[in-house]
Amino acid sequence: MTTRKVLLPSPRSFCAGVERAIEIVERLLERHGPPVYVRNQIVHNAQVVAGLEARGAVFVSELDEVPADALVVFSAHGVAPAVEAEARRRGLDAVDATCPLVAKVHAEAKRAADAGDTVVLIGHEGHEEVVGTMGVAPDRTVLVESAAEVAALRVADERRVTYLSQTTLAVTEVESIAAALRDRFPHIRGQGAEDICYATSNRQAAVAAVVGEADLVLVVGSANSSNSNRLVELAQAAGVAAHLVETAAAVDPAWLDGAATVAVTAGPRRRRGSWTRWWR
């Protein structure tokens, strides 16, 4: 029997926006019965998705997979206005489970574009939240993924630029890109790190506060969760071994060799659960 110290950074696990989105699907299943269609994963958590599928939720990639007049939920990551318009055109009963903080970024993008600005979105290409935000003003929005890309950006008017951010990035990542944007476009307006979801930034800060004490950091979450991956990267950047695991069974016992102190956390896309049995 090996005794280890286990650190549980707080806060951790699901945020209010994720809980809200899941509850919307659960209530619709209770009230209307299955099937309830959901465009894309309601949250980036494979176990939650599997649990909802077992209750009758049907996850689809595009609206053309949803039968006419059916009930469909838009995920917490948000969708482009064109998707909402397509749902109305097809007569679908659409329920919007977009996280309110993502909706705020959409509103900021629309306001800036309507005012004539080019919107520079800091984010990861292909992420569902980024796809939705880019779709708010596709002709006036450009994506930047790193500070190195900023020098090559071309905009219609360098005095009319606004920058926004994907809500699930690391705060340090956004700040470095935002600094490069401010150097490149002195008149730029925007939020940058202020767009980061408070749950995301709080969980990153919680890990940063304990990572110096840990020999190993385990982040419970799915591989497609931006939040969870950022927590792993934060620990690794501090020089501490860190791994993303979906379940307790995914923990490699070899990781624990020489690890007297283990920090266990979860991103805002993960529900709390019992993880006490495996570290003994």
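Which side chain meets that of aspartate 117 in a salt bridge? The partner is arginine 160, at 2.8 Å from N to O. This is a predicted model. Aspartate 117 sits in the loop between α4 and β6, while arginine 160 sits in the loop between β7 and β8, so the pair ties together parts that are 43 residues apart in sequence. The structure holds 11 salt bridges.

**Salt bridges**

- Side chains of opposite charge can pair when their charged atoms come close.
- Salt bridges with shared partners link Glu26, Glu30 and Arg55 into one network.
- Glutamate 23 and arginine 27 form a salt bridge through their side chains, 2.6 Å from N to O.
- Both residues belong to helix α1 (residues 16-32); because they are 4 residues apart, about one helical turn separates them.
- Glutamate 23 has a relative accessible area of 35%, so it counts as partly exposed.
- Arginine 27 is also partly exposed, at 43%.
- Lysine 104 and glutamate 108 make a salt bridge as well, at 2.6 Å from N to O.
- These two lie in helix α4, 4 residues apart, or about one turn of the helix.
- Lysine 104 is partly exposed, with 38% relative accessible area.
- Glutamate 108 is buried, because its relative accessible area is 13% and the cut-off for buried is under 20%.

**Helix α1**

- The helix has 17 residues.
- From first C-alpha to last, α1 reaches 24 Å, close to the 24 Å expected at 1.5 Å a residue.
- Its buried residues are Gly17, Val18, Ala21, Ile22, Ile24, Val25, Glu26, Leu28 and Leu29.
- What covers them? The cover includes the strands β2 (36-39), β3 (57-60), β4 (71-74) and β5 (93-96), along with helix α2 (46-55).
- Just after α1 comes glycine 33, with a positive phi of about 75°.

**Nonpolar cores**

- In soluble globular proteins, nonpolar side chains tend to be buried together.
- The largest nonpolar core here has 23 residues.
- Val25, Ile42, Val43, Leu52, Phe59 and Val73 have the most contacts inside this core.
- At least two residues of the core come from each of α1, β2, α2, β3 and β4.
- Which element gives the most to this core? Helix α1 does, with 7 residues.
- Leaving aside residues up to four places away in sequence, phenylalanine 59 touches Val38, Asn40, Gln41, Ile42, Val49, Leu52 and Glu53.
- Another core, of 17 residues, lies apart from the largest one; among its members are Leu169, Ile177, Ala180 and Phe185.

**Strand β6**

- Strand β6 spans residues 118-122.
- It is largely enclosed by the rest of the structure, because 5 of its 5 residues are buried.
- Thr118, Val120 and Ile122 point one way from the strand, and Val119 and Leu121 point the other way.
- With β8, β6 pairs in the parallel sense over 5 bridges.
- Valine 119 stands opposite threonine 162 in β8.
- With β7, β6 also pairs in the parallel sense, over 4 bridges.
- Isoleucine 122 has valine 144 of β7 as its bridge partner.

**Histidine 127**

- Histidine 127 lies in the loop between β6 and α5 (128-134).
- Is this residue buried or exposed? Histidine 127 is buried, with a relative accessible area of 12%.
- Its side chain reaches the backbone nitrogen of glutamate 129 at 3.0 Å.
- Residues up to four places away in sequence aside, histidine 127 touches His44, His77, Gln166, Thr168 and Ser226.

**Aspartate 114**

- Aspartate 114 belongs to helix α4 (residues 100-114).
- This residue is exposed, because its relative accessibility is 56% and exposed means over 50%.
- Its side chain joins that of lysine 110 in a polar contact of 2.7 Å.

Terms used
Residues numbered from 1 in each chain as written. Predicted model: local features only at pLDDT ≥ 70, side-chain atom pairs only at ≥ 80, totals over all residues. Heavy atoms only, no water. Buried < 20%, exposed > 50% of the residue type's maximum accessible area, 1.4 Å probe, protein only. Polar contact = N/O pair within 3.5 Å; in protein donor to acceptor, adjacent residues only side chain to side chain. Salt bridge = Lys/Arg side-chain N within 4 Å of Asp/Glu carboxyl O. Expected span 1.5 Å × (residues − 1). Contact = heavy atoms within 4.5 Å. Core = buried A, V, L, I, M, F, W, Y, C linked by side-chain atoms within 4.5 Å. Pairing = 2+ DSSP bridges.
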